[in-house]
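I wanted to go through this structure in order, noting what I looked up and what came back. The sequence and coordinates come first, and my entries follow.

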Amino acid sequence: MRRIINLAIVLTLFIALALPSTALARGLSEDKIVFGGNYTLASGETLTGNLVVLGGNALLEQGSTVTGDVVLMGGNLEANGSIEGNVVGLGGLVSLGSTSVVKGDVTMIGAQLDRADGARVEGRVVTSVKAPLTFTFPGGVQIPRFGVNVSPELSFIGFFLRVLVWTALAVLVVLFIPEHTRRVGQTAVSQPLVSGGLGLLTVVVLPVLMLALIVTILLIPVSLLVAAIAVLAWMFGLIALGQEVGKRLAELFKQEWAPAAAAGAGTFVLILVLNGIREVVPCVGWIAPALAGMLGLGAVLLTRFGVQVYPPVSMAPAADLPAPSAPPAPPPDLPEPPATPTPPEPPQLA
């Protein structure tokens, strides 16, 4: 039953992402999504729906009312009015003023709660939820995964938080090294067999190599360094694939997105789909994330973390190089001018 619920959640989010923003704004509900901006619900105003803050700032003035839930995913929330649903904080700061009223639960997952005297919470207050890093991809190298061991009601929150962490990381990577990410993504798309084969070979050989280093005892620090580089390469490859997905989404919507925006949106969709498949498909759900990871890993190794283009220019086939131009023909020889006739000598007198 729980897998069916997770599948419904994943499909709902994927369909929502595929719709243009105008269609979302014209929905039947009045849910408000604040993405990296500022939002103020003035005194006397009522938001009929949920409020979701993604890396932005929200202010609920005294006398304002939110009839649904309030979810903060990075950023700041200052509540001085009434919230009829629950308040969930996933990173960031949640401030409940002295005039605030929360009729549901208040749950903090990696977020800070600042509760003033007089703030009333009619439900439970949970602030001790932990999110350990527990995911390991084939080969034994760990990848950050925020697995939340909480009630089923909050399982989706942990799932969505994991996707948001990848999205934020993709934006930061593309902001600092856009060209390197572009080279890795283009290599993965143009050379999928070579990239995937190299990634698979690396995943098979890497555990043997690390075991050999660990057995020597003295090379244990080297094995840790190799594991760290493998994790970074795996994550960098997925982010590069996410940027390529973002480019396709921009073309689908006939829009021009900045590289960082395309990487964030594409990585969000890619990780959402891959994690969703792993959660809802039993036994073999890990195959799709593993294939995507090996494809990106191979592209990272081929381009040396995006430093060079693959295939290198020196390895390009000779047929693709332009033929050398023939030297210009010499000018034709000009005819010699006719010789000037010599005048006859005068006759000699005897």
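Predicted model: local features only at pLDDT ≥ 70, side-chain atom pairs only at ≥ 80, totals over all residues.

**The end of H6 and its length**

I then checked the length of H6: at 1.5 Å a residue its 33 residues should span 48 Å, and because the end C-alpha atoms are 48 Å apart, the two values agree.

**The chain as a whole**

Stepping back, I counted eight helices and 16 strands in the protein chain. Of its 350 residues, 39% count as buried. I also looked at contacts between residues at least 6 apart in sequence, and 37% of these join residues at least 24 apart.

**Glu244**

Is Glu244 buried or exposed? I found this residue in helix H6, which covers residues 220-252, and I noted it as buried because its relative accessible area is 7%, under the 20% cut-off. When I left aside its neighbours within four places in sequence, the contacts of Glu244 were Arg182, Gly185, Gln186 and Val189.

**H4 against H6**

Those contacts sent me to the pair of helices. How do H4 and H6 lie relative to each other? Their axes come within 8 Å and cross at roughly 80 degrees, and I therefore recorded H4 and H6 as roughly perpendicular to each other. On the H4 side, the contact is made by His180, Thr181, Arg182, Val184, Gly185, Gln186, Ala188 and Val189, while H6 contributes Phe236, Ile239, Ala240, Leu241, Gln243, Glu244, Lys247 and Arg248. Sorted by class, this contact of H4 with H6 has seven nonpolar, five polar and four charged residues.

I gave H4 the length check as well: its 13 residues should span 18 Å at 1.5 Å a residue, and its end C-alpha atoms are 18 Å apart, which agrees. The buried residues of H4 are Thr181, Arg183, Val184, Gly185, Thr187 and Ala188.

**The nonpolar cores**

I next asked which residues have the most contacts inside the largest nonpolar core. This core has 42 residues, and the ones with the most contacts inside it are Met73, Leu90, Leu238 and Leu241. The elements giving two or more residues to it are the strands S6 (70-79) and S8 (87-90), together with the helices H3 (155-176), H4 (178-190), H6, H7 (259-280) and H8 (287-302). The largest share, 10 residues, comes from H3. Apart from this core I noted another, of 23 residues, among them Tyr39, Leu77, Val102 and Ala119.

I followed up Leu241 on its own, and, not counting residues up to four places away in sequence, Leu241 touches Ala188, Leu270, Ala292, Leu295 and Gly296.

**H7**

H7 turned out to be mostly covered, with 16 of its 22 residues buried. For its length, the 22 residues should span 32 Å at 1.5 Å a residue, and I took the end-to-end C-alpha separation of 31 Å as agreeing with that.

**Val94**

My last entry concerns Val94, which is found in strand S9 (residues 93-96). I recorded Val94 as buried, because its relative accessible area is 0%. Its contacts, leaving aside neighbours within four places in sequence, are Leu72, Leu77, Val87, Gly89, Met108, Gln112, Leu113 and Asp114. I also looked up one separation along the way: the C-alpha atoms of Val94 and Ala58, which are 36 residues apart along the chain, are separated by 9.8 Å.

Conventions: Residues numbered from 1 in each chain as written. Heavy atoms only, no water. Helix = DSSP H or I, 4+ residues; strand = E, 2+ residues; numbered from the N terminus. Buried < 20%, exposed > 50% of the residue type's maximum accessible area, 1.4 Å probe, protein only. Contact = heavy atoms within 4.5 Å. Core = buried A, V, L, I, M, F, W, Y, C linked by side-chain atoms within 4.5 Å. Axes fitted to C-alpha atoms, helices over the stretch in contact; angles between N-to-C directions. Parallel < 35°, antiparallel > 145°, perpendicular 65-115°, else oblique. Nonpolar A, V, L, I, M, F, W, Y, C, P; charged D, E, K, R; others polar. Expected span 1.5 Å × (residues − 1).
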